[in-house]
Amino acid sequence: MSIENDIASEMYSFGIGNTPLIKLDDNLYAKAEFCNKFGSIKSRAAFFMIDYALKTGIINRDTIIVEASSGNTGIAVAGISNLFGLKSKIIIPEGASNGTKDYLKSLGSDLILTKGNSTEASIEYARSIVESDPGRYFRLNQHGNDLNSDAHYYTTAPEIKNEIINVDFLVAGIGTGGTITGISRYLKENGNTKTVGIIPDSGSHIFGLRNPFISNNKWILDKYMKYIDDVKELNEKYAYYGVRELMDKQRLFCRPLIGC
């Protein structure tokens, strides 16, 4: 068994993954990632990145985990770090919701805010912390860590494929690119899935999603962009319409400010 499969098995034992597929329409399904521990799809990637670092000796129990985030990954990293008895520092933009900030504090993380709404500033701050004392701090670097994508290749995608034999289209938002590229890689290797990525247009501010093509931190997308067939821009008002429709028709509460 590969170390990735070993981590996947351990992840499931912690109550992360094996989330249900919800049928929204005749041929439309949504993966209910809010059922993960800590309420986010990011729990998968956080577990993979932290458990791999522990298993391979990159970090030890005295290491402090550092990560920059718009909020969702930060919550997952803080929560998973707590599960493993590790301390964490999470750097997020000051524009993140108060709910996100309070949740991070409740998980025992040392929370640091950077000015504005940009995760780019948070990433640079996280990098500077680690460079100040690399023996003490370890940055997960979700934007440039293969395990962010691998978490979905080894868990999310096989779960989908086990329930839907022929997946015609995969539609997913793009933040780091980990979720969409990990799922797409697996589905394309095992079928003829077309993959469409969603990014906010220039006038929108949807936390957790960004335009990766104007970012300096897009290593995962640079490596795996060939697995995304098309990218569509979305205005935030239509995101809110979608949230309202999910609530009215499906009784699903998804929040576009911190991810769905």
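Trainee: What share of the contacts in the chain with a separation of 6 or more comes from residues 24 or more positions apart?
Mentor: The share is 66%. Contact means heavy atoms within 4.5 Å.

Trainee: What kind of model is this, and how are residues numbered?
Mentor: It is a predicted model: local features need pLDDT of at least 70, side-chain atom pairs count only at pLDDT 80 or more, and totals for chains, interfaces and linings use all residues. Residues are numbered from 1 along each chain as its sequence is written, and side-chain values use heavy atoms, with hydrogens and water left out.

Trainee: How many helices and strands are there in the chain?
Mentor: The chain has nine helices and nine strands. Both are DSSP runs numbered from the N terminus: helices are H or I with at least four residues, strands are E with at least two.

Trainee: What makes the radius of gyration agree with a compact globule?
Mentor: The rule is 2.2 Å times the number of residues to the power 0.38, taken over C-alpha atoms. For 260 residues a compact globule would be near 18 Å; the chain has 17 Å, so the two agree.

Trainee: Why is Ile220 called buried?
Mentor: Buried means under 20% relative accessible area, exposed over 50%, and partly exposed in between, with a 1.4 Å probe and protein chains only. Ile220 has 0%, so it is buried. Its place is in helix 8 (residues 219–224). Beyond neighbours within four places in sequence, its contacts include His143, Asn148 and Thr181.

Trainee: Why does Phe38 count as buried?
Mentor: Its relative accessible area is 18%, and therefore Phe38 is buried. Phe38 sits in the loop between strand 2 (28–31) and helix 2. Its phi is positive, about 70 degrees, although it is not a glycine.

Trainee: Is Asn18 buried or exposed, and why?
Mentor: Asn18 has 56% relative accessibility, so it counts as exposed. Asn18 lies in the loop between helix 1 and strand 1 (21–25). Its phi is positive too, near 55 degrees. Most residues other than glycine have a negative phi.

Trainee: Which residues touch the most other members of the largest nonpolar core?
Mentor: Ile50 and Ile80 do, in a core of 31 residues. Helix 2 gives the most to this core, with eight residues. A nonpolar core is a set of buried Ala, Val, Leu, Ile, Met, Phe, Trp, Tyr and Cys residues joined through side-chain atoms within 4.5 Å.
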